[in-house]
Structure formats: C-alpha cells, structure tokens
Amino acid sequence: MSDFARLSEQISELQGSLLAMECFLNSLAEALPADSRPVVQAFYASESEAFRAALMSSTAPEATVNAFERDVQRALHLLGEPGIEAAREG
C-alpha cells in the first residue's frame, strides 16, 4: 500500500470516528433538560473561545480553523443561543 493510500485510509477512519462522536454529542445535547442548557452553553462558549485563541496563535492550517468555526456554529445552533430557552419559558 502506498503512503498516499495509507494516509487516505487513516483520514477516512478519522472522519468516520468524528461523525460517530458528533452523533453521540448531538444526542446528548438534544436530551439536555432546559435548566441545564445555560450551564452547557456557558461552558461551551468558554471552551470554544479558549480553543479559538489557541488556534489563532498556532500554525494550524486554514482548513482546520474553518472546520472548527463551522462546527462551533453547528453546535451553537443545536444548543440554542443563550437566553433563547429562557425567553421561550417566560
């Protein structure tokens, strides 16, 4: 097997693993009780901002940074923006 084929296979395996992990995390987020969402939203905002700062000062490829930003937005959409759940309940 050539190096290219081996690397391509490893990338495909990583993509499959990431997709499975995303499905798992999505199901956990959807199952969150409404009163837990603000806590998770706050922790997620803090963590994603710390990772964003680290990425911006790193030599990470642009594709990595773009994928990070895309997936952060997807997660925010899934969790709902802070304050939206409170407005729905009020």
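The legends below describe an overview and several close-up views of a predicted model.

In this predicted model, local features need pLDDT of at least 70 and side-chain atom pairs count only at pLDDT 80 or more, while totals for chains, interfaces and linings use all residues. Residues are numbered from 1 along each chain as its sequence is written, and side-chain values use heavy atoms, with hydrogens and water left out.

**Figure 1. Overview of the helices.** The protein has four helices and zero strands, where helices (H or I, at least four residues) and strands (E, at least two) are DSSP runs numbered from the N terminus. The order of elements from the N terminus is α-α-α-α. Of the 90 residues in the protein, 14% are buried; buried means under 20% relative accessible area, exposed means over 50%, and partly exposed lies in between (1.4 Å probe, protein chains only). Among contacts (heavy atoms within 4.5 Å) between residues at least 6 apart in sequence, 62% join residues at least 24 apart.

Figure 2. A salt bridge is a side-chain nitrogen of Lys or Arg within 4 Å of a carboxyl oxygen of Asp or Glu, and the structure holds six of them. In the one between R6 and D3, the closest N and O atoms are 3.5 Å apart. Helix α1 covers residues 3-30, and R6 and D3 are three residues apart in it, so about one helical turn separates them. R6 is partly exposed, at 37% relative accessibility, whereas D3 is exposed, with a relative accessible area of 53%.

**Figure 3. The salt bridge between R52 and E69.** The two side chains meet at 2.7 Å, N to O. R52 belongs to helix α2 (residues 37-56) and E69 to helix α3 (residues 62-79), so this pair ties together parts that are 17 residues apart in sequence. R52 is buried, with a relative accessible area of 18%. E69 counts as partly exposed, at 23% relative accessibility.

**Figure 4. The salt bridge between D71 and R74 in helix α3.** The side chains of D71 and R74 meet at 2.4 Å, N to O. Both residues lie in helix α3, three residues apart, which is about one turn of the helix. D71 is partly exposed at 30% relative accessibility, and R74 is partly exposed at 38%. Through salt bridges that share partners, E22, R70, D71 and R74 are joined into one network.

**Figure 5. The side chain of Q41 and the backbone of L79.** Q41 is a residue of helix α2. Its relative accessible area is 7%, so Q41 is buried. A polar atom of the Q41 side chain lies 3.2 Å from the backbone oxygen of L79.

**Figure 6. The largest nonpolar core.** A nonpolar core is a set of buried Ala, Val, Leu, Ile, Met, Phe, Trp, Tyr and Cys residues joined through side-chain atoms within 4.5 Å. The largest such core has five residues, namely L55, V65, F68, V72 and L76. Helix α3 gives the largest share of this core, four residues.

Conventions:
Polar contact = N/O pair within 3.5 Å; in protein donor to acceptor, adjacent residues only side chain to side chain.
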